[in-house]
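Good morning, and thank you for joining. I shall walk you through one structure, going from the overall folds to some individual residues. Please look at it with me.

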Amino acid sequence: MTTVLRLIPLFPFVGFLVNVFLGRRLSKRVSGGIACLAMLASFLVGAISTWTLVQRPSDARVVDDTVFLWIASGDFQIPLTFRLDPLAALMVLVVTGVGFLIHLYSVSYMHEETDGEYARYFSYLNLFASFMLVLVLGANFLVMFVGWEGVGLCSYLLIGFWFKKRSAADAGKKAFVVNRIGDFAFIVGMLLAFREFGTLDFREIAFEAARLSPEVTFGLISLMTLLFFIGATGKSAQIPLYVWLPDAMEGPTPVSALIHAATMVTAGVYMIGRNAALFSLAPITMDVVAVIGTATALMAGTIGLVQNDIKRVLAYSTVSQLGYMFLAMGVGAFAGGIFHLYTHAFFKALLFLGSGAVIHALHGEQDIRNMGGLRRDLPITYWTFVIGALAIAGVPGLSGFFSKDEILYRTFAGGHTLLWTVGAITSLLTATYMFRLVFLTFHGERPESAGSTAHHGGSDHGHGGGHGPAHLHDAPPTMAVPLVLLAIGSVVAGYVGVPHALGGANRIEGFLEPSFHPVAVHAPAEAGVGGGHGETAAHGEESPDADAHGGASVELTLMGVSSLIALTGIGLASVFFLRRRELAQATAARLPAVYRTLLNKYYVDEVYDATVVHPIQRTSERVLWKTVDAGMIDGIVNGAGAFVRGSAALLRLSQTGSVRVYAASIFIGVLLVVGYYLVR
Amino acid sequence: MSSLLSLVIFLPLIGAVALLFISNRDGERDGLIRQVALAASVVTFGATLALWRGFDPMGPEFQFVERRPWIPIYGIDYYIGIDGISLLLIVLTGFLTPLALLSSWGSIKKKIKEFSIFMLLLEAAMLGVFAALDLFLFYIFWDAMLIPMYFLIGIWGYDRRIYAAIKFILYTMAGSVLMLIAILGLAFVHSSATGNYTFDLLKLYELKLAPTTQMWFFLAFTLAFAIKVPLFPFHTWLPDAHVEAPTAGSVILAGVLLKMGTYGLVRFSFPLFPEAAMVFAPWLAGLAVIGIIYGALVAMVQPDMKKLVAYSSVSHLGFVVLGICAVNVQGVSGAVYQMLNHGVSTGALFMICGMLSDRRHTRLISEFGGLKSVVPKLTAAFMLITLSSIALPGLNGFVGEFLILLGAYRWDWRFATLAASGVILSAVYMLWMFQRVNYGVVTNPKNEHLPDMSTREWWMLGPTLVMAVVMGVVPNLFLRPMEPAVERMVQRVQAGQTRTVRAEPGAAGTQAFGPADPEARAPRP
């Protein structure tokens, strides 16, 4: 068991190596097949490992696999260690399971690429999976950071996959640079953590943290966790660093599903869950996390309401749902946040893949104003998409309902009424914009002029401009199977977390809980000093079971409210975008300023450009380079040279070579010397 | 011990002498000359590896020591030996020189014999600098480096080569003259204290100097090194020299020559004058941090590829100086590691610039675009080196940068935090250049039919690609041999500082008898 963990990231890495070095010479069938098999192998190992993990008693569910000592310098010793615990196990299953389906889907979706490009695509995709698995399995911050930066790299490469397109290359670079801003904070956080704790191992930090009591004022732990959270806002697209994610939709759609919906963007949430013991010590940071998460959820939800690009709507929806997860983390409902992460992976991947099927069928069309009536031609896509939309909207019985409800309930129970209200409003927005998407895409009629406006960047999807609706074909089997499986997942995934109030056992919470409080369940030697203390510190404000049973009626009421909200949202969408579309246009026309602000995403990109990007660029060019460097410093250097040359030239004037001048100067000199002695 | 170390230093010289005997009237034996020069440098590299193999990290401080009296009346010896730090830098020199020679095969068309001789002379001088344990000998090698470099830039450079060559040599000479005076001064001080002259570094380490004397000596030495590094604001010779130098010159200049400055700080300035070092370290670190940010910002707006890489060197070397100033194990190890990294990745970047300029005879970024679809292999190599340069974990740059930041953070968190912002800026300028060169569609018809990597180019770039990965994945291979040397340097500096603290009655107290471990200089929170 102990040396098996390394296989999980290794399989996709081998797939990457094969495709990157031999890809050009392999047929599409082989290179795609290798990539899929690598993921499948990784999934199977992950599943077996998880199964053996579950066999253990719940307080011994930790397995380490140390590959070698990576960096050693003085007391700074960082082993390359992978660690499987319940939290990591869940993530591994999501990454490899959903990841495998998306690989499978890509086999058809990308078939129009040339052999070399096809292999390049799959090599990046496998490399991504490998780094993502390193991220979730890493036992210390530095190994996690390898994955953290590695997935950022793959995101960069895949967003810019169609590199000939300027916008794609720009979007890739933007994603990387914005993420680097977060990484800067993450690095400083690691430095601080190592200085404080003398280790970067998550468990050891949790042990150390257990000895501390929560910070009442803003102290070192608050600073440290805040720095990590800033890192998370980059990776997980939260305010203020979310701006890269909508642009990231320039990448191929399966990439958006895998990286920018199901896995990578949840890394920030996972990181907080991984360090729950540490974050629990910093109530100030926790409040910041909750508020930022809620604000992001609301802001992205409002933007999502008016966007016209099918993938951008989903992108803002992702930002919004990630906000929910951070809200959960911020109010201490760690299990709830991870639960939502897990259900979201199913339905958001499904929605993205569904949108990909639409785009595929329409040869690159992404504007929903040019869609309509597709449910007749694309029945599989339609029905699976509707299931995904129902799940994300929070309709009772589907997975999104359970996880979202858990978050909202915990928020309310924690006394954060304002946050709950905003969360509920966002929930309404979610249902509305999702069904706006459903109705505009699949219902009504497709506009006559729509057929010829196809565009799909560097891909070949745009080749058949003039296809009429009659020629539309639904997803081929390798695309349909992932859609159906994810749809099933979107329905049933929530049943691992049926709350106590509905007579369930919320098994996922019980399963994950030891990962959030590693001290309480492990290291009996330390239990005397730190263990009991840690328990009170970590459980102090939640004490889940007592509340859950006592507040069952509250929970049931809240459930009713959120179900009602979801149905209202769908109803609103059906009025505005199905039955009386002119109403939507009339509303937009009546509030032009609001509409334009939302359509232009609150002009945040423009503000960043004007206040950060351009000033830095202009200062660097005009002040630093041309004035300071070329003008001042080099001016002094060249000036010194000129001074030497100038003074030499002056001195040379005296060297006339004329004997009479020399004689005269000797004479004058003698006069001066004699005169000096006489006068004295 | 045997005279293996001397052999390493003189092997390139033997090669250079051998070249003298090959007559090459109309360039009819250019090929032979190139091969002989390459063979000499490859054999030298093999010999440096033999040094590594014979080196015992747990053994005495300096190994492969050789000592022969040279000018006994002044106590000047031919005295060489290496510790873990100089060992790795010698291996780096041995590694880069053959690659630099290979890189010249495509671009150097005139006076090939002279070019090859200068390259080998340069290599011998560089190896000598890292091996010398006698300050006088060190100075001889130090100045001996300048001459071949001057000619390499001045004869085989680009259009403004004369200006650049003169700027290079005057700038560096200005610094090294002061250093020479300081070296002589040290010998005099030793003579007045003990009655005899010596230039023996290990004896001079034991010299106890008054704090003010230390200041002057420290400044004289450090100015020479700061110019070489180059530390802001002494850096303006570098972009000119790099832009005008031929590719091989740039590779050696960036890969090895710049490290002379930081090596000098580690070997001489800090351990010889520890009290002065303590006073000036924050100032040096301040300049280093300015250099990190300033170099990156200026690199960002450069239209010329080589100039961009040159300014990025200012930024990267700022990290090295910062790590040294921290004077703790992680800081100094990171600094030495970063010297090696920079040699590998910036050397490779200059080779890539050279390959592009061999093909297009321009270095302007705006002349390129869309190369990924024309030369995919070259682009892939370019990508890997770009990632190494922006310190992606798993590649070499990250290990050095992180250790430096860690060491610096333990010393003074403010410097470390400011320096860490370099991770953002390096991504900006490198990725932006990469995008403008490689992504998009080919707009310039001259770029449509460029050839991809040739076999020769694989041989010169390939080793750097491999090293970028190896140094990122198994850094302990390199950290382990250097660590004892780094610890000794740190102890030496801290012992010198503790001594003075003890001497000052006011400051004596907890710190005076405190441990001399890296955390002894731990910062305020």
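Let me begin with chain B, whose secondary structure comprises 20 helices and two strands. What you see is a predicted model. The radius of gyration of chain B is 22 Å, close to the 24 Å that the globule rule gives for 525 residues, so chain B is as compact as a globular protein of that length. Along the principal axes, its C-alpha atoms occupy a box of roughly 75 × 55 × 40 Å. Of the 525 residues in chain B, 61% are buried. If one takes the contacts in chain B with a separation of 6 or more, 79% of them involve residues 24 or more positions apart.

Chain A, in turn, contains 28 helices and two strands. Its C-alpha atoms fill a box of roughly 120 × 75 × 60 Å along the principal axes. Buried residues account for 55% of the 680 residues of chain A. Among contacts in chain A with a separation of 6 or more, 80% come from residues 24 or more positions apart.

I turn now to the two strands of chain B. In which sense do strand 1 and strand 2 of chain B pair? The pairing of strand 1, residues 63–71, with strand 2, residues 76–82, is antiparallel and runs over six bridges. Within this pairing, B:Gln63 stands opposite B:Ile82.

Next, the contact between the chains. Chain B contributes 43 residues to it and chain A contributes 38 residues. On the side of chain B that touches chain A, the elements giving two or more residues include helix 11 (274–300), helix 13 (329–360), helix 16 (396–411) and helix 20 (476–503) of chain B. Helix 18 of chain B provides the largest share of that side, seven residues. By class, the side of chain B that touches chain A has 29 nonpolar, 11 polar and three charged residues.

Helix 16 of chain B deserves a moment of its own. Is helix 16 of chain B largely enclosed or exposed? Of its 16 residues, 16 are buried, so helix 16 is largely enclosed by the rest of the structure. Its length can be checked as well: at 1.5 Å a residue, the 16 residues should span 22 Å, and the end C-alpha atoms of helix 16 are 24 Å apart, which agrees.

The largest nonpolar core has 430 residues. Those with the most contacts inside this core are A:Phe128, A:Ala349, B:Val321, B:Leu322 and B:Leu405. Helix 15 of chain A, residues 334–361, supplies the largest share of the core, 18 residues. Leaving aside neighbours within four places in sequence, A:Phe128 is in contact with A:Val151, A:Cys154, A:Leu158 and A:Ile259.

Finally, consider A:Arg312, which lies in helix 14 (residues 310–330) of chain A. Is A:Arg312 buried or exposed? With 20 other C-beta atoms within 10 Å, A:Arg312 is buried, the cut-off for that class being 20 or more. Neighbours within four places in sequence aside, A:Arg312 is in contact with A:Pro246, A:Met249 and A:Gln307.

Definitions and conventions. Residues numbered from 1 in each chain as written. Chains lettered and ligands numbered in written order. Predicted model: local features only at pLDDT ≥ 70, side-chain atom pairs only at ≥ 80, totals over all residues. Pairing = 2+ DSSP bridges. Helix = DSSP H or I, 4+ residues; strand = E, 2+ residues; numbered from the N terminus. Contact = placed C-beta atoms within 7 Å. Nonpolar A, V, L, I, M, F, W, Y, C, P; charged D, E, K, R; others polar. Rg over C-alpha atoms; globule rule 2.2 N^0.38 Å. Buried ≥ 20, exposed ≤ 12 C-beta atoms within 10 Å, placed from the backbone. Expected span 1.5 Å × (residues − 1). Core = buried A, V, L, I, M, F, W, Y, C linked by C-beta atoms within 7 Å.
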